[in-house]
Structures are given as structure tokens and as C-alpha cells.
Amino acid sequence: MAEGTKTVWLLGARGAAAVVFGVLALLWPQLTVLALALAFGAYALVDGVILLGASWRNRGERWSALACAAAGALSVVAAMVTSLWPGLTALALVVMAGAWAVVTGCLELWAALRIRRELRHAWLWLASAVVSVVAGVLLWLRPDAGAVAISLVLGTYALVAGGTWLASAWREHRAHTGREHRSWRRPASGARVAH
């Protein structure tokens, strides 16, 4: 699989997972803390696996790969915590989800800045990292919020972040297919005669 195609699939899968979680959280904001914790855990697990895949894909870029690996590992740990202790209180979920959002957002921001030359439309990835940090801060500002408020903040974050990742995947796909079409046509117009 070509490098550009791998990037498109990683961004697309991450965006789709975020959008699914965001829609679930916003359609059913009256979820119990238990259901919200399990849904968040499932999303964090998928996100973590995708980030770990991205770190492996970018292993030549040591620092960006390290940032993706750290964010992915943190997401997997958050998923494990919610599955091992599904009876989390709303306060514990807010603290954990807020920490996850801030730390992964900062790591993604750092990774995006490191690979911005290779990733066309890197501003979309930067925007999703900023949204992640803002969501984490909002959760921390109101640690006494109930499940409905947590669900609305996390759902909105997931929809915005997922939308930016899907948009980034689409732009990467368009840029990649545009290059393929140009390189495919070039030999026909400037063909050399073999001697």
C-alpha cells in the first residue's frame, strides 16, 4: 500500500471512529455514567490502536512517531481503565477524559508540527489537536458536571475532531490521486525515444 494511501486510511478510520462516538454521545446525552464510560473506552481503544499504527507508519520520523505512540498508548490505557473499572463516578470520568484530551491533544499538536511538511493540509490536524485540548480544559473547568454535560462536551469534541480528520483524509486522497493522474499522463506527452 502506498504511503499516501496509508495516511488516508489512518486519518479516515480515526475520523470515522470519532464521528460514531460523537453521534452516540450527542443523540443519547442522558446516558448513564457507566454507558458513557464504556462508549468512551471503546472509542479510546480504537483511537489508540490507530495512533499506534500511525506511529509505526511514521517510525522514520523519530519524534513524531514517539508522540503518536505516546498518545496511542495513553488512549489504550484510558480504554483499559474504563473497561476494568466501569463503575467510574462522573468526577473520575471527567478527570480521566479531561487528562486524556489535553495530553493527547498536546502530543498530536507536537507531532503535527513535526510532520507538517509531509502532511498536506496539516492545519486540519493542528485544529483537531487544539479542539482536543479545549475539550479537556472545558471538562476540567466543571469537574462536578453530570453525565449529560460530559456527554455533550465529549460528543461535540468527537464530532469536530472526527470531521477534521475526515476532511484531512479527503484532502490527502485528492492530493494523492491528483499526483497519480499527473504522473500517469506525463510519459504520454513527453515520451522519449529509446536508442
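**Close-up 1. Arg14, a buried arginine in helix H1.** In this predicted model, Arg14 has a relative accessibility of 4%, which is under the 20% cut-off, so the residue counts as buried. Arg14 belongs to helix H1, which covers residues 3-27. Once neighbours within four places in sequence are set aside, the contacts of Arg14 are Asp47, Ile50, Leu51, Glu108, Trp125 and Trp165.

**Close-up 2. Arg14 and the ring of Trp165.** What does Arg14 lie over? Take a look at Trp165: Arg14 sits over the face of this residue, 3.9 Å from the ring centre. Trp165 is also among the residues that Arg14 contacts beyond its sequence neighbours.

**Close-up 3. Tyr43 meets Trp100.** Searching the whole structure turns up five aromatic pairs. One of them joins Tyr43 and Trp100: the ring centres are 5.9 Å apart and the planes make an angle of 80°, so this pair is edge-to-face. Tyr43 comes from helix H2 (residues 33-57) and Trp100 from helix H4 (residues 90-114), so the pair ties together parts 57 residues apart in sequence.

**Close-up 4. Trp100 meets Tyr157.** Trp100 also forms an aromatic pair with Tyr157. Here the centre-to-centre distance is 6.0 Å and the angle between the planes is 80°, an edge-to-face arrangement. Trp100 is in helix H4 while Tyr157 is in helix H6 (residues 147-189), so this pair ties together parts that are 57 residues apart in sequence. Both partners, Trp100 and Tyr157, are buried.

**Close-up 5. The aromatic cluster around these pairs.** Which residues form one aromatic cluster? The members are Phe21, Phe40, Tyr43, Trp100 and Tyr157. Tyr43 and Trp100 are the edge-to-face pair with centres 5.9 Å apart, and Trp100 and Tyr157 are the edge-to-face pair at 6.0 Å.

**Close-up 6. The chain behind the views.** From the N terminus on, its elements read α-α-α-α-α-α. Of the 195 residues, 42% are buried. Among contacts with a separation of 6 or more, 81% are between residues 24 or more positions apart. The chain exposes about 10300 Å², and carbon and sulfur atoms supply 71% of that area.

Notes
Residues are numbered from 1 along each chain as its sequence is written. This is a predicted model: local features need pLDDT of at least 70, side-chain atom pairs count only at pLDDT 80 or more; totals for chains, interfaces and linings use all residues. Side-chain values use heavy atoms; hydrogens and water are left out. Helices (H or I, at least four residues) and strands (E, at least two) are DSSP runs, numbered from the N terminus. Buried means under 20% relative accessible area, exposed over 50%, partly exposed in between (1.4 Å probe, protein chains only). Contact means heavy atoms within 4.5 Å. Accessible areas come from the Shrake-Rupley method with a 1.4 Å probe; for residues, only the protein chains shown count as cover. Rings of Phe, Tyr and Trp (its six-membered ring) pair if their centres lie within 6.5 Å; planes under 30 degrees apart count as stacked, over 60 as edge-to-face and the rest as tilted. A charge sits over a ring if NZ of Lys or CZ of Arg is within 6 Å of the ring centre and within 35 degrees of the ring normal.
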